[in-house]
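I opened this model to look up a few local features and to note each of them with the cut-off behind it. The entries follow in the order in which I worked.

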Amino acid sequence: MEFPYTNKHNVIFLREAERLKSPTRTYAQAIIICPLCHEESTIRDGSALRLARKSCKKCSPKLVAEALTKTVPAYIKYLRNGMVSRCHNPDNKNYSSYGGRGITVCDEWKDPENGVYKLHEALGDRPSDKHSIDRIDNDKGYTQGNCRWATPTQQLANRRTRKGHIRERNNQFEASYKHIHLGNYPTEDLAQTAINGAIRIVEFYEDSK
Ligand SMILES: [Zn+2]
């Protein structure tokens, strides 16, 4: 194969590069132009590698995923493993309260390669070590939109309101109960108060039927 050479993945092998020396052997290297980022870079060369290579090292999806997950704090990995186990491993001691009653982890967060990164991206950093991941609607699974960082007190308040739902959006707290939109509030407490009011009205109505 002569330079320049373009493989079936549109990687252009421009020219030979300086050989890479390890203590035991030397490796052929080539300068390529990556079809994804269009940048030049030096990579290991060889006939099999030349046919298989799809991008530069930086763009290789596996390497990208690894690089991203390395930036994820350890507690995210720990919390994600816990939720996946509770929901998807029947041997987990808490499975009956989670997977056993239909609570699942969304595919994005369950993904063994990118899950921790996606979870971190969705929830951001934990505000303090007193916070853990709370499901806003306790009957729904671990998905973006149904999860937030909450302290044990907030989680308890959330359980008490059962179907009440608070969603933070543009620094406003949107309250809803039984799919009824109850308005936007400047604080979470006010949104909670609106939900509690709605619950009392609904319960009163249902009691008087
Ligand atoms: Zn690239």
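**Loops and backbone angles**

I began with Asn171, which I found in the loop between β7 (165-169) and β8 (172-177), where helices (H or I, at least four residues) and strands (E, at least two) are DSSP runs numbered from the N terminus. The model is a predicted one, in which local features need pLDDT of at least 70 and side-chain atom pairs count only at pLDDT 80 or more, while totals for chains, interfaces and linings use all residues. Residues are numbered from 1 along each chain as its sequence is written.

I looked up phi for Asn171 and noted a positive value of about 60 degrees, although the residue is not a glycine. Is Asn171 buried or exposed? Asn171 counts as exposed because it has 7 C-beta neighbours inside 10 Å; the scale calls a residue buried if 20 or more other C-beta atoms lie within 10 Å of its own, exposed if 12 or fewer, and partly exposed in between, with C-beta atoms placed from the backbone.

I then turned to Asn10, in the loop between β1 and β2 (12-21), and found a phi near 65 degrees, again positive in a residue other than glycine. With 12 C-beta neighbours inside 10 Å, Asn10 counts as exposed.

Tyr5 lies in strand β1 and is partly exposed, having 14 C-beta neighbours inside 10 Å. I noted 9.1 Å between the C-alpha atoms of Tyr5 and Arg50, which are 45 residues apart along the chain.

**Domains**

Which domains divide the protein? I have domain 1 (5-58), domain 2 (60-148) and domain 3 (161-209), with bounds that come from an automatic or database domain assignment. Taken over C-alpha atoms, the centres of domain 1 and domain 3 are separated by 59 Å.

I checked the length of helix α3 (residues 74-88) next: its 15 residues should span 21 Å at 1.5 Å a residue, and its end C-alpha atoms are 21 Å apart, which agrees. The expected span is 1.5 Å times one less than the number of residues.

I listed the buried residues of α3 as Ile76, Arg80, Met83, Val84, Arg86 and Cys87. Seen down the axis of α3, these fall within an arc of 165 degrees, so they line one face of the helix; the arc is that of the directions from the helix axis to the C-beta atoms. On the other side of α3, I found Ala74, Tyr78 and Asn81 exposed. For Ala74 the count is 8 other C-beta atoms within 10 Å, and its C-alpha is 34 Å from that of Pro35, 39 residues away in sequence.

What do the buried residues of α3 pack against? They pack against α4 (107-110), α5 (115-123) and β5 (132-135). I recorded that the axes of α3 and α5 come within 9 Å and cross at roughly 110 degrees, the axes being lines fitted to C-alpha atoms, for helices over the stretch in contact, with angles from 0 to 180 degrees between N-to-C directions. The two helices α3 and α5 are therefore roughly perpendicular to each other, a label that covers 65 to 115 degrees, with under 35 roughly parallel, over 145 roughly antiparallel and the rest oblique. Ile76, Lys77 and Arg80 of α3 make the contact with Gly115, Val116, Leu119 and His120 of α5, where contact means C-beta atoms, placed from the backbone, within 7 Å.

In α5 I found Gly115, Val116, Tyr117, Lys118, Leu119 and His120 buried. Gly124 follows α5 and has a positive phi, near 75 degrees.

**Two partly exposed residues**

Tyr185 lies in strand β9 (residues 180-185) and counts as partly exposed, with 18 C-beta neighbours inside 10 Å. Leaving aside neighbours within four places in sequence, I found Tyr185 in contact with Gln172, Phe173, Ala175, Leu190, Ala191 and Ala194.

Leu36, in the loop between β3 (26-33) and β4 (40-44), is partly exposed, with 16 other C-beta atoms within 10 Å. Leaving aside neighbours within four places in sequence, Leu36 is in contact with Ser55 and Cys59.
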